[in-house]
Amino acid sequence: MTRILVIVPFALDAEGIRNREAQSAYVTFPADWQLTYRPVTCGPMSFMSPHDWGLMDMAIFEAGCTAQDEGFDAVCIDTMSDSGMVMLRSVLDIPVIGAGKASMLYALTLGGRFSILAQWEPALPRYRKAIREYGFDRQCASVRSFDQPPDFANLLGGKEDQVFPRMRDVALRCINEDGAEVICLGSTTMHQAGEYLAANLPVPVVNPGPLTYKLVETFLALGLTHGRAAYPAPVEPRLDMLRTMMKAGAEAEAQAKG
């Protein structure tokens, strides 16, 4: 059996996890594959500032740092921010795929310029940061939002009639005004809109979550993983300390909620 760990970037309940698991319906897997969706132990409540990004790095790192010892064959990070990806690669030999860089690189196999469709304005600095750090300034036509506050648990469920056409209209502006040849959904929380947009836009649409699953399948089939020259292993791992910190954080969150 091939086991894939999918790290969910928020401490969601069972229903919230099921909404994330629904992404697996968009692609097919070999019969002996098993995807395990794991929420973080604790972490930030939003994703909009450097404060949030730092906490998310730690949360996702802790959720996946023992994946190899647990018998998983690969790790997918279920967020376009790629939070914790480089940290996990430093302690794991199995493939670790983040949705952000992978989506942008894949978009460039489909066209010369891509745009990112974001949910709302406060999220834009995070995308611009990633584009700058990954060196995609020239290939990114634009980052536009469709002005919908995120719901990290329920995603876009129940909002389809209102939100999907607005997403389409903003994406058309990316295409017609900015010159985008590919549209990247800016979050795995938008996966429910992927098929609608693909059917209603004149350019390819990259759905980041399902893409990571198929990339992992390719990596495993080709025997590929990251290299130690780029992601050196720690001299003195402190994973026990990290686990203690996250456990204490979760306990504090529970007490605060009463």
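1. Leaving aside residues up to four places away in sequence, isoleucine 97 touches Val75, Cys76, Ile77, Met85, Arg89, Ala102, Thr212, Leu215, Val216 and Phe219. Bear in mind that this is a predicted model.

2. Where does isoleucine 97 sit? You'll find isoleucine 97 in strand 4, which covers residues 96–98. Its relative accessibility is 3%, and buried means under 20%, so isoleucine 97 counts as buried.

3. One of those contacts comes from well along the chain. Valine 216 is 119 residues away from isoleucine 97 in sequence, yet their C-alpha atoms are separated by 7.0 Å.

4. Now the neighbouring strand in the pairing. Strand 3 and strand 4 run parallel, joined over three bridges. Which residue stands opposite isoleucine 97? That's cysteine 76, which also turns up in the contact list of isoleucine 97.

5. Strand 3 (residues 74–77) has another partner too: strand 1 (residues 2–8) pairs with strand 3 in the parallel sense, over four bridges. Here isoleucine 77 is the bridge partner of isoleucine 7.

6. Are the residues on the two faces of strand 3 buried or exposed? Both faces are covered: Ala74 and Cys76 are buried on one side, and Val75 and Ile77 are buried on the other. Val75, Cys76 and Ile77 are among the residues that isoleucine 97 touches.

7. Strand 3, helix 3 (residues 85–91) and strand 4 make up a β-α-β unit, and the unit is right-handed. Met85 and Arg89, with numbers inside the helix 3 range, are also among the contacts of isoleucine 97.

Technical notes: Residues numbered from 1 in each chain as written. Predicted model: local features only at pLDDT ≥ 70, side-chain atom pairs only at ≥ 80, totals over all residues. Heavy atoms only, no water. Buried < 20%, exposed > 50% of the residue type's maximum accessible area, 1.4 Å probe, protein only. Contact = heavy atoms within 4.5 Å. Pairing = 2+ DSSP bridges. Right-handed = clockwise from strand over helix to strand, strands pointing away.
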